[in-house]
Amino acid sequence: MKKLLFLFLFPLFFLQAQQENVIENILSQLSIEEKIAMCHAQSKFTSPGIPRLGIPELWMSDGPHGIRPEINWDDWGYANWTNDYVTAFPALTCLAATFNQDLSLEYGISIGEEARYRKKDVLLGPGINIYRTPLNGRNFEYMGEDPYLASEMVVPYIQGVQKNGVAACVKHYALNNQEHWRGHINVEVSDRALHEIYLPAFKAAVMQGNAWAIMGSYNKFREQHCCHNDILLNKILKKSWGFDGVVISDWGGVHDTDQAIYNGLDIEMGTPSDKSYSKRYPYESNFLGNPFLKKIIEGKVEETLLDDKVRRILRLMLRTSLNKNRPFGSINNKQHYETAYKVASEGVVLLKNIENFLPIDKNKQIKIAVIGENAKKSMSVGGGSSELKPDKEISPLSGIQNEFKNAVIKYSKGYSSNPGDDPDDLKKEALAIVKESDVVLFIGGLNKNSFQDSEANDRKNYILPYGQPKLINEISKYNKNIAVILISGNAVKTDWKKNVKSILQTWYLGSEAGNAIASILSGKINPSGKLPFTFPKSLNDNGAHYYGKLSYPGDGATQYYKEDILVGYRWHDTKNIKPSFSFGHGLSYTSFELTEISSNKKKYSTQETIKINCTVKNTGDFEGKEVVQIYVGKVNSKVNRAEKELKGFRKVFVEMNKSEKIGIEIPVKDLSYYNEIDSNWVIEKGDYFIYVGNASNNIFEKILITIT
Ligand code: BGC
């Protein structure tokens with residue numbers, strides 16, 4: 001066996017050794033000035049190669065759900081090329097909601113192909129900051145509130161991207177969980193919450209996904225900016241996780257030359273340059289430019305520190321721009337649209353559906369009122385750096401018109417994000433249509449405007465904006481047959497939910513948005529998405545907000561993550577606070593039962609793996625997919641622990657009246673907690689409950705096991 005393993009690994013070691021030789025060879029030929037230049041930007045989205053040796057520059061692009069249009073060389077203006085149209089993939093909250101790792105791989109491959117075709121070497125994504133508050137303007141770019149779910153979903157995404165010889169640059173490392181004051185807020189969080197909640201997805205990205213690059217975040221952690229943070233970059237990322245790739249700063253996130261030199265940063269991007277400095281746009285004035293050079297020349301800093309950064313950059317180049325074997329990529333092709341459609345339609349979550357109101361029979365000759373600005377609004381533009389120029393984007397209204405050919409469809413905006421529009425006129429017009437229709441599809445939610453789901457600012461409050469709650473309630477007085485289609489990357493207050501029959505959470509779905517929504521509405525697709533975060537009833541029911549301003553958003557200088565490890569459903573479950581919709585919740589047009597649930601043993605040693613078996617039975621009238629979710633909770637723990645935590649899941653397709661048997665494995669070591677005193681992971685012995693269900697609040701069976 002050992003011999004076989006050696007034979008298998010030998011070519012890998014050989015290739016790696018060869019790569020390291022090439023790196024040393026190039027390094028030995030470089031002047032200090034050439035090496036310094038490689039450590040900072042030379043334009044908005046490139047960093048230099050070595051022209052003298054024919055080594056190409058590195059091209060980077062946002063990220064994370066499509067390849068951004070070209071930006072000017074030296075400023076933030078769009079370059080207005082006409083060949084940078086792309087497929088807009090669904091934003092990552094949607095990908096997380098699929099609970100489907102195979103789809104994540106397919107997504108990664110497709111977006112990587114588009115990046116490659118657009119000649120990018122580094123894709124600035126995926127984003128995996130944990131969803132701490134529903135107000136965070138960038139939650140839509142991330143993978144939800146659970147570290148296990150985000151870890152499981154991010155690894156295949158990275159592997160898919162990197163198969164193309166394009167680096168994934170995982171962001172924003174770390175604790176950038178709000179946009180408000182993102183450039184300076186100092187985050188104080190316990191080591192335990194750091195390691196159990198905020199770091200696992202990054203750790204998985206590095207150690208299992210082998211991400212080739214990572215982006216430091218804007219905020220501070222323990223008084224040091226995260227783009228040059230000794231604990232996060234040197235001690236954890238590079239030393240403990242063995243990261244051999246490149247740390248890239250967030251754009252303009254560097255503030256200090258010494259810290260940038262010593263604390264683990266490799267490439268500085270986006271720092272404004274001192275224009276009085278030299279002839280061209282003077283990126284050499286950046287912190288890792290001439291100030292770094294001067295310190296080396298004066299003998300104040302060892303050149304070995306520079307060499308470590310350059311070795312990493314050359315390694316990244318050999319994996320990407322210098323990799324002669326990488327494929328050429330492709331763009332806007334049928335497969336990419338198919339991937340976008342699959343992810344979109346598997347990610348949509350059916351939150352509520354009374355009287356089987358959905359699906360709507362598309363053969364019927366009915367009158368449908370489509371109300372709401374979001375029925376027509378493009379959601380690929382706006383939102384900040386993740387903005388896209390889609391080659392096509394099907395709006396929800398067009399999707400519905402294409403799908404329901406026998407219906408008479410009337411549209412009215414109903415509400416508006418434009419302060420110039422008169423709400424009373426809009427309401428009147430909408431109600432007139434509502435009154436004469438059989439069915440109302442209210443298509444609202446948030447959007448990509450500033451202070452909504454958008455970079456640089458947080459939302460100002462939790463409610464649906466632009467008077468939507470009032471409008472929904474008003475509509476319900478005239479027509480009870482309402483489905484609300486929420487387009488957002490965040491939870492919203494749903495105190496109007498009793499007045500509507502169905503609610504769909506549909507995220508930002510990209511190019512195929514309208515087709516996917518219409519397929520769900522007509523039943524062509526049976527919904528199978530599950531919430532990757534909780535919808536609290538009110539903001540104060542969320543752990544971060546419960547503790548007031550010092551916890552969120554902080555006092556202007558510092559914030560304290562007072563809810564500690566109890567983020568999202570961990571808070572709701574442990575404190576017994578019922579949310580509006582729970583983590584992992586998501587209905588289907590069919591019904592499922594989980595039966596024959598068992599563990600392979602009752603007692604396990606710390607080295608063993610727990611095997612949970614279960615039969616998923618489709619007991620309704622549609623074929624469909626269900627997500628079996630396994631949560632674990634310690635009975636009488638010596639330390640504070642959440643009532644239960646997600647430790648395994650599996651999405652399974654089951655035909656009507658059929659059953660599927662599944663097995664899910666959980667290594668006992670995954671039940672450990674982080675011990676702050678000894679800085680290590682501890683498996684507490686004793687009893688644990690294993691909860692098996694199809695949502696965090698819908699558990700079919702609770703099994704008691706013991707760790708000995
Ligand atoms: C964002 C990053 C993005 C970068 C480049 C920053 O403002 O925080 O996520 O990759 O800009 O556009």
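**Close-up views of a predicted model**

**View 1. Asn219 and its surroundings.** The side chain of Asn219 forms a polar contact with the side chain of Ser217, at 2.8 Å. A polar contact is a pair of N or O atoms within 3.5 Å; within protein, one must be able to donate a hydrogen and the other to accept it, and residues adjacent in sequence count only if both atoms are side-chain atoms. This is a predicted model, where local features need pLDDT of at least 70, side-chain atom pairs count only at pLDDT 80 or more, and totals for chains, interfaces and linings use all residues. Residues are numbered from 1 along each chain as its sequence is written, and side-chain values use heavy atoms, leaving out hydrogens and water. The Asn219 side chain also reaches the backbone oxygen of Leu175 at 3.4 Å. Asn219 sits in the loop between strand S6 (213-216) and strand S7 (220-221). Strands are DSSP runs of E, at least two residues, numbered from the N terminus. Asn219 is buried, with a relative accessible area of 1%. Buried means under 20% relative accessible area (1.4 Å probe, protein chains only).

**View 2. An open sheet of six strands.** The strand order is S10-S15-S14-S13-S11-S12, with mixed pairing. Strands S10 (349-353) and S12 (408-412) are the edges, each pairing on one side only. Two strands pair if DSSP finds at least two bridges between them. S14 (residues 482-487) and S15 (residues 502-505) pair in the parallel sense over four bridges. Val484 has Ile503 in S15 as its bridge partner.

**View 3. Cys39, a cysteine in no disulfide.** The structure holds zero disulfides (pairs of cysteine sulfur atoms within 2.5 Å). For Cys39, the nearest cysteine sulfur is that of Cys227, 15 Å away. Cys39 is buried, at 0% relative accessible area.

Definitions and conventions:
Buried < 20%, exposed > 50% of the residue type's maximum accessible area, 1.4 Å probe, protein only.
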